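This report covers charged side-chain contacts and one surface patch. The sequence and the structure are shown first.

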Amino acid sequence: VVKLVFSYYANSMEENDGFCVDYSIDNGGGDDDDGGRSSSSSSKTTARAWHSKECWHAMEDFDNGIWYDDIDVIFHLRNDHSGEDGMVVDSLRIRFRCKTNSLHDDVLIDRVQLLGLVG
């Protein structure tokens, strides 16, 4: 289990605006994919596959001008094929993605922690 903890502050976000935590596992492709990092011209280039884990929407999940602290997002991961619940992964990438309609809409992200939990 991996736990992402962070704080955020929204500024100038309107009703249809929001932001998401996205993730990509195992370089975003199959076992033979290097995530498009290979310098060889003969290697295939695959775009990283991103998936939304959780999204927050202005006026529904948060208001402008307030710090929201200790927000957590849980990823159930494992690196074996034991049949337990969770995604089987060797690597995990996380990104914050803003969903807005103006360059003046902002979400400030602070105090980001990534915690590995046993159990």
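The text below takes up the salt bridges and then the nonpolar patch.

## Salt bridges

The model is predicted. It contains five salt bridges.

| Pair | N to O distance |
|---|---|
| Lys3 and Asp72 | 3.8 Å |
| Arg97 and Asp22 | 2.6 Å |
| Asp70 and Arg111 | 3.4 Å |

The side chains of Lys3 and Asp72 meet in a salt bridge at 3.8 Å. This pair links distant parts of the chain, with Lys3 in strand S1 (residues 2–11) and Asp72 in strand S4 (residues 67–75), 69 residues apart. Lys3 has a relative accessible area of 23% and is therefore partly exposed. Asp72 is also partly exposed, at 37%.

Arg97 forms a salt bridge with Asp22, and the closest N and O atoms are 2.6 Å apart. Arg97 belongs to strand S7 (residues 92–99) and Asp22 to strand S2 (residues 18–25), so the contact ties together parts that are 75 residues apart in sequence. Is Asp22 buried or exposed? Its relative accessibility is 1%, so Asp22 counts as buried; the cut-off for buried is under 20%. Arg97, at 28% relative accessibility, counts as partly exposed.

A salt bridge also joins the side chains of Asp70 and Arg111, at 3.4 Å from N to O. Here strand S4, which holds Asp70, is linked to strand S8, which holds Arg111, and the two residues are 41 residues apart. Asp70 has a relative accessible area of 52%, so it is classed as exposed, the limit being over 50%. Arg111, with 45%, is partly exposed.

## Nonpolar surface patch

Phe96, Ile109 and Val112 form a nonpolar patch on the surface. Together, these residues have about 220 Å² of accessible area. Ile109 lies in strand S8, which spans residues 106–116. The relative accessibility of Ile109 is 30%, so this residue counts as partly exposed.

Note on methods: Residues are numbered from 1 along each chain as its sequence is written. This is a predicted model: local features need pLDDT of at least 70, side-chain atom pairs count only at pLDDT 80 or more; totals for chains, interfaces and linings use all residues. Side-chain values use heavy atoms; hydrogens and water are left out. Patches are made of residues with over 30% relative accessible area and no salt bridge: like charges are joined within 9 Å, nonpolar side chains (Val, Leu, Ile, Met, Phe, Trp, Tyr) within 5 Å. Accessible areas come from the Shrake-Rupley method with a 1.4 Å probe; for residues, only the protein chains shown count as cover. A salt bridge is a side-chain nitrogen of Lys or Arg within 4 Å of a carboxyl oxygen of Asp or Glu. Helices (H or I, at least four residues) and strands (E, at least two) are DSSP runs, numbered from the N terminus. Buried means under 20% relative accessible area, exposed over 50%, partly exposed in between (1.4 Å probe, protein chains only).
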